[in-house]
Amino acid sequence: MKFYLRLPDEARSLPPPPIFNHGSVWGAFMGWFGALVENAINRRPPLAAGVHRQLLWASVGFYLGHYLTRRSNYVYARRDRDLFEYIRHHPEDFKEADKKTMAEVLEDFHPVR
């Protein structure tokens, strides 16, 4: 399995995710929280010491979260494209099922008294 940090050029055809998405906000929070934990481990005041490091790690986490969201969107879009191509080339494997009514699906009800 090859893992590249740079997204392929075909990923540029996808619409970009919003800047403040779930991944970027979560990454920023985890980066900031990591800086607070580092301050607590080193016995410094967690919120007051190293504000510059808190901003640095929050921005690094924000960027990584945004990047991972873009990467996951690309991976899922590529997977969907490949699946739809397979379905289009092999229609005999994906026949439409007969439609049933609810009366055919459910069993008859016989109350026990």
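The model is predicted, with local features taken at pLDDT of at least 70, side-chain atom pairs counted at pLDDT 80 or more, and totals for chains, interfaces and linings using all residues. Residues are numbered from 1 along each chain as its sequence is written, and side-chain values use heavy atoms, leaving out hydrogens and water.

**Exercise 1. Overall form**

Task: State how many helices and strands the chain has, and decide whether the chain is a compact globule or more spread out.

Solution. 
Step 1. Helices (H or I, at least four residues) and strands (E, at least two) are DSSP runs, numbered from the N terminus. The chain has three helices and zero strands, in the order α-α-α.
Step 2. The radius of gyration is 25 Å, whereas the globule rule gives 13 Å for 113 residues, so the chain is more spread out than a compact globule. The radius is taken over C-alpha atoms, and the rule is 2.2 Å times the number of residues to the power 0.38.
Step 3. The C-alpha trace spans about 70 × 55 × 25 Å along its principal axes.

**Exercise 2. Surface and contacts**

Task: Find what share of the residues is buried, what share of the accessible surface belongs to carbon and sulfur atoms, and what share of the contacts between residues at least 6 apart joins residues at least 24 apart.

Solution. 
Step 1. Buried means under 20% relative accessible area, exposed over 50%, and partly exposed in between (1.4 Å probe, protein chains only). Of the 113 residues, 19% count as buried.
Step 2. The accessible surface comes to about 10,000 Å², and carbon and sulfur atoms hold 64% of this area. The areas come from the Shrake-Rupley method with a 1.4 Å probe; for residues, only the protein chains shown count as cover.
Step 3. A contact means heavy atoms within 4.5 Å. Among contacts between residues at least 6 apart in sequence, 64% join residues at least 24 apart.

**Exercise 3. Charges and salt bridges**

Task: Count the charged side chains, then describe the salt bridges of Arg 81 and Arg 88.

Solution. 
Step 1. There are 16 positive and 13 negative side chains, and the centres of the two sets lie 15 Å apart. Lys and Arg count as positive and Asp and Glu as negative, without His and the chain ends; each charge is placed at NZ of Lys, CZ of Arg, CG of Asp or CD of Glu.
Step 2. A salt bridge is a side-chain nitrogen of Lys or Arg within 4 Å of a carboxyl oxygen of Asp or Glu. The whole structure holds five salt bridges.
Step 3. Glu 10 and Arg 81 form a salt bridge at 3.5 Å, N to O. Glu 10 lies in the segment before α1 (22–41) and Arg 81 in helix α2, so this pair ties together parts that are 71 residues apart in sequence.
Step 4. Arg 81 also meets Asp 82 at 3.6 Å, N to O, and Glu 10, Arg 81 and Asp 82 are linked in a network. Relative accessible areas are 39% for Glu 10, 42% for Arg 81 and 41% for Asp 82; Asp 82 counts as partly exposed.
Step 5. Arg 88 pairs with Glu 85 at 3.0 Å, N to O. Both are in helix α2, three residues apart, which means a separation of about one helical turn. Arg 88 is exposed at 56%, whereas Glu 85 is partly exposed at 32%.
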